[in-house]
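Please walk through this model one step at a time.

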Amino acid sequence: MEIELTINDEPTTVTVESDDDLATVLRRNGYTGVKCGCDSGVCGASKVFVDGEVKMACGVNAQSADGAEVETIEALGTQDDLHPIQEAFVDHFAVQCGFCIPGMIIEAKSLLETNPDPTEAEVRQAIDDNLCRCTGYQKPVEAILDAADRMRGDRSVAADGGSRIDSRRPDDTAYDGDSNE
Ligand code: FES
Ligand code: FES
């Protein structure tokens, strides 16, 4: 059957099978920033906004999304014009293999829209269902806190790529290439 979706502000008609999930349909239509990791709603890689709420797209039946407004990572920024959250992830070396990052950034955007000045604990809680096998979470958390500062216009912390993580290991002040920290 055909369903109507508005994807990243573009009204679109897509063909779906009865058992298609939304992640599969989005990827089939070119939105490959949506990642499929577990395919069972536990890793967070397939997170997108559906009607303004973060959903794991692998767990959304595509037919049931008929008429929905969907926002994927592709809506946030471009290579030449990154969203402040993406920019902060790059500046903090928070991206390693990158597979989990679209879902994590979607969740971060949701958090910062409702809580522009989160604590470290609130950031960690927000991404607690975004599984990352590379970063150990420290740098993504730093990046999201920095992005919050940037988005509020407080560049005093962000400008030097600094961190306002409260309890950091003494040697954790710069990227050291260790993917298992
Ligand atoms: S692929 Fe959807 S949550 Fe893991
Ligand atoms: S950066 Fe590789 S899984 Fe998160």
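Axes here are lines fitted to C-alpha atoms, for helices over the stretch in contact, and angles run from 0 to 180 degrees between N-to-C directions. Helices (H or I, at least four residues) and strands (E, at least two) are DSSP runs, numbered from the N terminus. This is a predicted model: local features need pLDDT of at least 70, side-chain atom pairs count only at pLDDT 80 or more, and totals for chains, interfaces and linings use all residues. Residues are numbered from 1 along each chain as its sequence is written, and chains are lettered from A and ligands numbered from 1 in the order in which they are written.

Start with helix α3 (residues 101–114) and helix α5 (residues 138–151). Their axes come within 11 Å and cross at roughly 40°. That angle makes α3 oblique to α5. Angles under 35 degrees count as roughly parallel, over 145 as roughly antiparallel, 65 to 115 as roughly perpendicular and the rest as oblique. The crossing of α3 and α5 is right-handed, meaning that the near helix is turned clockwise from the far one by less than a right angle.

Which residues make the contact? From α3 come Met104, Ala108 and Leu112. From α5 come Pro140, Ile144, Ala147, Ala148 and Met151. Two residues are in contact if their C-beta atoms, placed from the backbone, lie within 7 Å. By class, the α3–α5 contact has eight nonpolar residues, no polar ones and no charged ones. Ala, Val, Leu, Ile, Met, Phe, Trp, Tyr, Cys and Pro count as nonpolar, Asp, Glu, Lys and Arg as charged, and the others, Gly among them, as polar.

Now take α3 by itself. Eleven of its 14 residues are buried. A residue is buried if 20 or more other C-beta atoms lie within 10 Å of its own, exposed if 12 or fewer, and partly exposed in between. The buried set of α3 includes Gly103, Glu107 and Lys109. The buried residues of α3 pack against β3 (47–50), β4 (53–56), α2 (84–91), α4 (120–126) and α5.

For contrast, look at Glu10, in strand β2 (residues 10–15). Glu10 is exposed, because 9 other C-beta atoms lie within 10 Å. Glu10 and Val70 are 60 residues apart in sequence and 9.4 Å apart in space, C-alpha to C-alpha.

Finally, step back. The chain has six helices and five strands. Of its 181 residues, 38% count as buried.
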